[in-house]
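Colleague: I would like to learn how to read a model like this one. Please take me through it feature by feature.

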There are 2 protein chains.
Amino acid sequence: MSPSSRGRPRGSDTRQLLDLARELFTEQGFRGTTMDAVAARAHVSKQSLYRDYPSKDELYSAVVRDWVERGSDGMKPHAEALAATDDAHAGLLGIARIMQAGILSPPVLQMRTLIAAEASRFPEIAADYVERSWTRNIQMLAKALRVMADRGLLQLDNPELAAEQLTWLVIAAPLNRLTLQAGAAPYSADELAELADQGVATFISRFGPAGSARVGKGS
Amino acid sequence: MSPSSRGRPRGSDTRQLLDLARELFTEQGFRGTTMDAVAARAHVSKQSLYRDYPSKDELYSAVVRDWVERGSDGMKPHAEALAATDDAHAGLLGIARIMQAGILSPPVLQMRTLIAAEASRFPEIAADYVERSWTRNIQMLAKALRVMADRGLLQLDNPELAAEQLTWLVIAAPLNRLTLQAGAAPYSADELAELADQGVATFISRFGPAGSARVGKGS
């Protein structure tokens, strides 16, 4: 144990190791990452690494599981705030910006690329990631939209559909670009704001309360 | 030259080799694919393979370039048919189904995953793919939407924005799922049809001619 880590809880060392392993996996890919390189970067012995993770497969699995666990529930306070808002337009814009900031951040995009590249080799890990990140967050958003509808702020019968449409209207274009072109210039703050504005305008055209549908029409 | 390929034009052999190399790259990844394996699968000598493609990098580049070239202009007749339609709703549904069938097909998804995984190593190849596949097809769709607006079938000032929104409304959810979970069950025909219906309904709420905005409202 290094002096700087003495006295820290064991969980902290584990997390640090998984973070370093995650960096290597996202930089070098699964195949390009060796247990030797992970041990060297984490300043632990190979023996110690293999004691905790008997194979590279198990290390990869632990890295993704840790990542998903840390990210889960990140959406919850924002979804609750949306459900409680009195201003549907402002609330939807707010959650759109939150989704953009979270999903389009470089570490999230890198993990996404890694998981996609290794989905054939590790189908259960990919399925767990989809279930506990995407599906769960969209369900949380759907729940908030349903509350808004109950409160008369939206008109919708299928909140899951509405949540999917809102999500993709505000993040799909940059997500696609940045997924396919790691290292491409990210969308500017202005571009993201415009995307959120336009996505929310379209969403409200369909799901806003009666009388709001033509707002922004054709703009 | 094998007996079966004797007399065929040179382009056909090249294409066949690039197809076999593409299969290997998408199955094994860039790192997991060797020039030896490509030569073996294509039944050519290593010398002959290296003569045409002096390195694995150059082979990869040729595979992606060939793929993009074959796919480009695939959207064109459909965009032209859309521009000429008299029934906006049916035309939009039709192009939605075309986009789903094209973009969500297994070979397209596999190439997408490969290009994303190798984007850091080959940024120009990824950029060229994005430019000549996505950007170009969305511009073609935008052009068709502009013609429809000129003909009074839609109301929009920014056809590129409208084309992006239509695209993502009808393909983003399955594209995301299948990108992250290669080998997951594809969306059923019914699910895709419903996604297209709902995406087009939302699109028309925003961009349909006056009077159509409440069609499907809240459903």
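Predicted model: local features only at pLDDT ≥ 70, side-chain atom pairs only at ≥ 80, totals over all residues.

Colleague: What does the secondary structure of chain A come to?

Modeller: Helices (H or I, at least four residues) and strands (E, at least two) are DSSP runs, numbered from the N terminus. Chain A has ten helices and zero strands. Its C-alpha atoms fill a box of roughly 65 × 35 × 35 Å along the principal axes.

Colleague: How many of the residues of chain A count as buried?

Modeller: A residue is buried if 20 or more other C-beta atoms lie within 10 Å of its own, exposed if 12 or fewer, and partly exposed in between; the C-beta atoms are placed from the backbone. In chain A, 40% of the 219 residues count as buried.

Colleague: Which domains is chain A divided into?

Modeller: Domain bounds come from an automatic or database domain assignment. Here they give domain 1 (9-63) and domain 2 (72-207) of chain A. The C-alpha centres of these two domains lie 30 Å apart. Their contact takes six residues from domain 1 of chain A and seven from domain 2. Contact needs C-beta atoms, placed from the backbone, within 7 Å. On the domain 1 side, α1(A) gives the largest share, four residues.

Colleague: How are chain A and chain B related?

Modeller: Two copies of a chain are related by a rotation about an axis and a shift along it. A rotation of 180° with 0.0 Å of shift superposes chain A on chain B, with RMSD 0.0 Å. The two copies are thus related as by a two-fold rotation axis. The superposition is by least squares on the C-alpha atoms of residues with pLDDT of at least 70 in both copies. The same surface serves both: 100% of the contact residues of chain A recur in chain B.

Colleague: How many residues does the contact take from each chain?

Modeller: It takes 45 from chain A and 45 from chain B. On the chain A side, α9(A) supplies the largest share, eleven residues. That side divides into 22 nonpolar, 15 polar and eight charged residues. Ala, Val, Leu, Ile, Met, Phe, Trp, Tyr, Cys and Pro count as nonpolar, Asp, Glu, Lys and Arg as charged, and the others, Gly among them, as polar.

Colleague: At what angle do α10(A) and α10(B) pack?

Modeller: Two packed helices are described by the angle between their axes and the distance between the axes. For α10(A) and α10(B), residues 189-207 in each chain, the angle is about 100° and the axes are 8 Å apart. That makes α10(A) roughly perpendicular to α10(B). Angles under 35 degrees count as roughly parallel, over 145 as roughly antiparallel, 65 to 115 as roughly perpendicular and the rest as oblique. Axes are lines fitted to C-alpha atoms, for helices over the stretch in contact, and angles run from 0 to 180 degrees between N-to-C directions. Ala201, Thr202, Ser205 and Arg206 of chain A meet Ala201, Thr202, Ser205 and Arg206 of chain B.

Colleague: Is Trp67(B) buried or exposed?

Modeller: Trp67(B) counts as buried because it has 20 C-beta neighbours inside 10 Å. Trp67(B) lies in helix α4 (residues 56-71) of chain B. Not counting residues up to four places away in sequence, Trp67(B) touches Arg22(B) and Met111(B).

Methods:
Residues numbered from 1 in each chain as written. Chains lettered and ligands numbered in written order. Contact = placed C-beta atoms within 7 Å.
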